[in-house]
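Open your viewer and get ready to select a few pieces, one after another.

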Amino acid sequence: MESGARGESIEKLKGLKISSLDDEDDKIEEEQELIIEDDDEDDEEDEEQEPVVLGFLEKPKCHWSLLRQLFPSKAGGVPAWVDPINLPSGQSCTCDICGQPLQFLLQVYSPLSDKESAFHRTIFVFMCTSMSCLLRDQHEQWKHGPGKPSRSVKVFRCQLPYSNPFYSSEPPKHNGNDRPLKAGVALCNWCGTWKGDKMCSSCKKAHYCSQKHQALHWRFGHKLECQRLSLSSQLPDSCDSAPMEKIQVASNTLWPEYEMINENEDEFDEGETSDDERRVNSLVPTSRLDLSMNSLLDSFKGDSDKKCWAVFQERIARAPEQVVRYCRHASAKPLWPMSTGQPSKGDIPCCNHCGSSLVFEFQVLPQLLYYFGVKNDVDSLDWATIVVYTCGASCETSAGYAEEFAWVQLYPQSAA
Ligand SMILES: [Zn+2]
Ligand SMILES: [Zn+2]
Ligand SMILES: [Zn+2]
Ligand SMILES: [Zn+2]
């Protein structure tokens, strides 16, 4: 990794900060801007890294802290749709493999300061909860046109300018009194996730995204509730319940809801004293990670995978409970757990709205499954990493939500 000229110039700029040979782990930050031009060369190892922001999960502080008017980053529960009207619809909401509505995984609020139309900007990730769908998705993600590959993981981007019909231009006060300017469309009463554009024909009160969810709700509660609702016409229709917008969710199979808190990775440099402190508060037992990491190591056939894994493991160990690594920068790269199963440039499609290249924006780590209470069984949902690529131009789209691209890397299946 130590590449002559570059190494030296970094050393000059960073002065005493360089203490070891593994410069790949050192933060270069602004200094990199200065040296990147003359030192780019053909060094494809280009390992100096942009600062990464890590996402950690916490239980929401208040019942209102994850509402859409506060532009949260969050995982589990229901999405806080930024544009509450023009939600993704039709096939976008379902697993292309089994046809079930997708489940909300997480959303990351990542506005772009240099782009007026992206004053508010959130990336949403959804996936099918079936591991067998994810295994089939593996083959699909390598497919290049002409048809659309059948995916079980989908990503959407939504952005709004400073001045928009949904939210005040005043920043939220976070005191429980923030309100959106406009109510959203009725959501599915079962999943609380997708647009409820189908309605129960007897009560005309309950909304659903799909027949599947209508059937589930009927079986688990609505059958009784329906009669009562049809008799009492004074009950407000869910789509008129504007101000606080408590989303009704009947399903108990959503993943538990967390607020995502950001911290810079360089706060977690090795040898920092706060390490023990953090471990006390850590929800993810480090032993779980160590265990799976060691047993996985045995399942890797090639040396390149083992090497890659060791680098990955070392980097993650700085803050083992991280669930997201965020770095939207032209030269940013994902931290891959393995060398096999990585896409080449040609495997990442272009933006299907404007044709720009998609760029890496963030990756989701499997620690999330621990927070979600997903068991470690043979057919349980599992992944090594989910890498999210978004339009490099973050283009404006006529629809409220632009579909972006996810690349999923799974652990070797012999390990499962
Ligand atoms: Zn599926
Ligand atoms: Zn639904
Ligand atoms: Zn009904
Ligand atoms: Zn685009």
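Select residues 358-364, strand S10, and then residues 385-391, strand S11: these two run antiparallel and are joined over six bridges. Strands here are DSSP runs of E at least two residues long, helices are runs of H or I of at least four, and both are numbered from the N terminus. Two strands count as paired if DSSP finds at least two bridges between them. In general, strands of a sheet pair through backbone hydrogen bonds, either parallel or antiparallel.

A word about what you are looking at: this is a predicted model, where local features need pLDDT of at least 70 and side-chain atom pairs count only at pLDDT 80 or more, while totals for chains, interfaces and linings use all residues. Residues are numbered from 1 along each chain as its sequence is written, and chains are lettered from A and ligands numbered from 1 in the order in which they are written.

Now zoom in on the pairing. Click Leu-358 and you will find Cys-391 of S11 opposite; click Gln-363 and its bridge partner is Val-387.

Thr-385 faces Gln-409 of S12.

Is S11 mostly covered or uncovered? Mostly covered: seven of its seven residues are buried. Buried means that 20 or more other C-beta atoms, placed from the backbone, lie within 10 Å of the residue's own; exposed means 12 or fewer, and partly exposed is in between.

Step back and select the strands in this order: S1-S8-S2-S3-S4-S5-S12-S11-S10-S9. They form a closed barrel of 10 strands with antiparallel pairing. The whole protein has eight helices and 12 strands, and 34% of its 416 residues are buried.

Now pick Val-125. It is among the residues with the most contacts inside the largest nonpolar core, which has 78 residues. Such a core is a set of buried Ala, Val, Leu, Ile, Met, Phe, Trp, Tyr and Cys residues joined through C-beta atoms within 7 Å. Beyond its neighbours within four places in sequence, Val-125 is in contact (C-beta atoms within 7 Å) with residues including Leu-105, Val-364, Ile-386 and Ala-406.

For a contrast, go to Cys-62, in the loop between strand S1 (53-58) and strand S2 (74-75). Cys-62 is exposed because 12 other C-beta atoms lie within 10 Å.

Last stop: residues 188-226, which an unreviewed UniProt entry annotates as "domain: MYND-type". The span is 41% helix and 10% strand, with its end C-alpha atoms 15 Å apart.

Key. UniProt positions are given in the numbering used here, feature names are shortened, and annotations may be inferred rather than shown by experiment. Two residues are in contact if their C-beta atoms, placed from the backbone, lie within 7 Å.
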